[in-house]
Amino acid sequence: MVTDKKREECCGCGACAAACPHGAIRMEADGLGFRYPLIDNDLCTRCGLCDEICAFRPVERTSEPKAEAVRFPEHLPASQSGGAGYALMRQAIGEGRIVYGAAMTDGFRVRHLRAETLEELEPMRLTKYVQSDMDGIPEQVLQDLKEGRKVLFTGTPCQCAGIGSLCSQYSDRLLLVDIVCHGVPSPEVWKGFLSWNEARQGSRIRKAVFRDPSIGWHEARTLLVFDSGERIHTDGFYYIYMKELMSRPSCGGCPFACTRRPSDITIGDSWGIEKAVPGFADDNRGCSLVLLNTPQGREYFDSVSDACARQEVDLNGFLQLNLVSPSKPSRRAKRFEKDFIRKGFPYVQARYGYGSPAHRLEEYRKKIKRHLHI
Ligand SMILES: Cc1cc2nc3c(=O)[nH]c(=O)nc-3n(C[C@H](O)[C@H](O)[C@H](O)COP(=O)(O)OP(=O)(O)OC[C@H]3O[C@@H](n4cnc5c(N)ncnc54)[C@H](O)[C@@H]3O)c2cc1C
């Protein structure tokens, strides 16, 4: 049964709960806000369907994807990378497909939403470095497909794998677009980070952008705008993320951190494009890496009508960390989790965060190394 799995073996996509014909599974969040299946033993018949549906395992695909560097100039200002994600979603809306994507909603909560209009796509743009809440989404996708609608689902590879498995009988009407993923951070730590900043500024946050594209594609700073009118760019959240302290435990063993993807199309950043294809994207405004994984994905991408610059590239030259292996959790991740749950964000910020003694020591070591040229 899915509840026999260890935390490291569950990505929280919710496909098992949606598949259960007895309604015996509900998803419940832990102290970091990551959702796990809970089985009601009175309703469960031990039919095993939940285990069959679970798709958190390597993809069996032999052909290598076709890789392209792509930019949609019009979408760059409001997209995270080259705007491929938004262009694909726009195309889908234009064709009458229903789109599902991760959106920033009330109270800066990140959750998957359903869109049928261009207006409804807006909150799905830009990267949100938090695991999005999929509550009720697998059920809705399945229902749309059963009713004969075409669907484009965008999400992390594990979310795409779950949706693909749950909806396998409707694969001709379902297009899956996943992101290259470093790991999904904790929704509760994000909440704590926002409250901590509000307390420091003595003002409510009006706008939060995980990674502000207006300061450049290579920058990774969070923009916070307060009711007081104050605007700050902070490294705080991204720093803890990059220290591998707060990603979902299953991210450390992600079976999709490779080029065999559970989707038709994969989108990410084409890091290194400036050297690989000089002149293609030298302006620090973003460039997507697009992997066309299936014939359906290739055909769909060719049909996108928004103006773009495309360049086929050798995937071997663009194999960033998470296209080769999962991000390794820090040895301090378990301690961090305990500290966060018991003592809250201000404590973990002071102990592990940007500006903490550990961070200052690290900076000092870097400075010495630079000084000694080692
Ligand atoms: C947690 C996370 C880790 C990432 N790690 C990497 C990485 O290591 N290397 C890399 O190259 N790219 C990574 N990306 C992807 C990259 O940052 C861009 O989101 C991606 O290239 C899309 O940019 P775009 O301009 O094409 O799309 P945009 O037009 O900006 O649209 C954003 C798209 O991303 C989806 N999305 C945003 N946030 C989430 C989320 N939390 N969960 C699921 N889907 C989401 C939306 O549904 C939408 O389709 C990561 C994204 C996330 C969310």
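## Basis of the description

Because the model is predicted, local features are considered at pLDDT of at least 70 and side-chain atom pairs at pLDDT 80 or more, while totals for chains, interfaces and linings use all residues. Residue numbers start from 1 along each chain, following its sequence as written.

## Domains

The domain assignment (bounds from an automatic or database domain assignment) divides the protein chain into domain 1 (2-53), domain 2 (66-184 + 247-323) and domain 3 (187-246 + 331-362). Between domain 2 and domain 3, the C-alpha centres are 26 Å apart.

Where these two domains meet, 15 residues of domain 2 are in contact with 14 residues of domain 3, contact meaning that C-beta atoms, placed from the backbone, lie within 7 Å. The side of domain 2 that touches domain 3 consists of six nonpolar, seven polar and two charged residues; here Ala, Val, Leu, Ile, Met, Phe, Trp, Tyr, Cys and Pro count as nonpolar, Asp, Glu, Lys and Arg as charged, and the others, Gly among them, as polar.

## Around the ligand

The ligand is surrounded by 34 residues, of which G85, Y86, G101, A102 and G268 are the closest; a residue belongs here if its C-beta atom, placed from the backbone, lies within 6 Å of the ligand. In terms of class, this shell holds 14 nonpolar, 17 polar and three charged residues.

At least two residues of the shell come from each of α3 (84-94), β4 (98-104), β6 (151-155) and β11 (265-269), where helices (H or I, at least four residues) and strands (E, at least two) are DSSP runs numbered from the N terminus. The most are given by α3, which supplies four residues.

## Helices α5 and α6

The axes of α5 (residues 137-146) and α6 (residues 157-166) come within 10 Å and cross at roughly 45 degrees, with axes fitted to C-alpha atoms over the stretch in contact and angles running from 0 to 180 degrees between N-to-C directions. That angle makes α5 oblique to α6, since angles under 35 degrees count as roughly parallel, over 145 as roughly antiparallel, 65 to 115 as roughly perpendicular and the rest as oblique.

In this pair, P138, V141 and L142 of α5 meet G162, I163 and L166 of α6, giving a contact of five nonpolar residues, one polar and no charged.

## Helix α12 and its partners

Helix α7 (residues 187-201) and helix α12 (residues 345-352) have axes that come within 9 Å and cross at roughly 90 degrees, which makes α7 roughly perpendicular to α12. V189, G192, F193, S195 and W196 of α7 form the contact with F345, P346 and Q349 of α12, and its residues are five nonpolar, three polar and no charged.

Helix α11 (residues 333-343) also packs with α12, at an angle of about 145 degrees and with the axes 7 Å apart. There, F336, D339, F340 and K343 of α11 meet F345, Y347, V348, R351 and Y352 of α12, a contact with six nonpolar, no polar and three charged residues.
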